[in-house]
Amino acid sequence: MTKRDVFEYALVRVVPRMERGECFNAGVIVYCRARSYVAARIHLDEARLLALDPKADAAGVRAALRAVEGVCSGGERAGQAAGDDAGRRFRWLIAPRSTVVQPGPVHTGLTADPEAEVERLLDLLVR
């Protein structure tokens, strides 16, 4: 039997107009402490974005979503979080915020392959 580790994940949501409270999933962040793994996968449905807000800044939303991926990847792309470990970067990304790009609640599971898990969750919950 393959060893499975606990992982945590949160959806990345886009809320085009805060006053309306409408949102849709645009990505997923997966963190596995046992493997020091954190990654995000993003899929922005621009048609859905523009259906909720025809004046939405799609380029700005894409940039914010790329920043989430950058923080996960660490290094230079992570900006001020570059020196932080995977757990600190995940916790920073899942902190509540009132912006167009927001984290959803954190959920947990077991996985033998966190990298495959992030792709599976993106397909299941976002695409």
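**View 1. Strand β1 and its burial.** Eight of the 10 residues in strand β1 (residues 5–14) are buried, so the strand is mostly covered. Buried means under 20% relative accessible area, exposed means over 50%, and partly exposed lies in between (1.4 Å probe, protein chains only). Strands (E, at least two residues) and helices (H or I, at least four residues) are DSSP runs, numbered from the N terminus. The model is predicted: local features need pLDDT of at least 70, side-chain atom pairs count only at pLDDT 80 or more, and totals for chains, interfaces and linings use all residues. Residues are numbered from 1 along each chain as its sequence is written, and side-chain values use heavy atoms, with hydrogens and water left out.

**View 2. The two neighbours of β1.** Nine bridges link β1 to strand β4 (residues 101–111) in the antiparallel sense. Within this pairing, H107 of β4 stands opposite Y9. β1 also runs antiparallel to strand β2 (residues 24–32), joined by seven bridges. Here V12 has G27 in β2 as its bridge partner. Two strands are said to pair if DSSP finds at least two bridges between them.

**View 3. The whole sheet.** The open sheet consists of four strands in the order β3-β2-β1-β4, with antiparallel pairing. β3 (37–42) and β4 are the edge strands, each pairing on one side only. From one strand to the next, the twist averages 20 degrees. Axes are lines fitted to C-alpha atoms, for helices over the stretch in contact, and angles run from 0 to 180 degrees between N-to-C directions. Six bridges connect β2 and β3, again in the antiparallel sense. In this pairing, R41 in β3 stands opposite V28.

**View 4. Helices on the sheet.** Helix α2 (residues 58–73) packs on the sheet and touches β1, β2, β3 and β4. The direction of α2 makes about 160 degrees with that of β3. Helix α3 (residues 86–94) lies across β1, β2, β3 and β4, and runs at about 155 degrees to β2. Contact means heavy atoms within 4.5 Å.

**View 5. The surroundings of D5.** D5 is located in strand β1. Its relative accessibility is 6%, so D5 counts as buried. The side chains of D5 and R35 are joined by a polar contact of 2.6 Å. A polar contact is a pair of N or O atoms within 3.5 Å; within protein, one must be able to donate a hydrogen and the other to accept it, and residues adjacent in sequence count only if both atoms are side-chain atoms. Leaving aside residues up to four places away in sequence, D5 touches C32, A34, R35, G109, L110 and T111.
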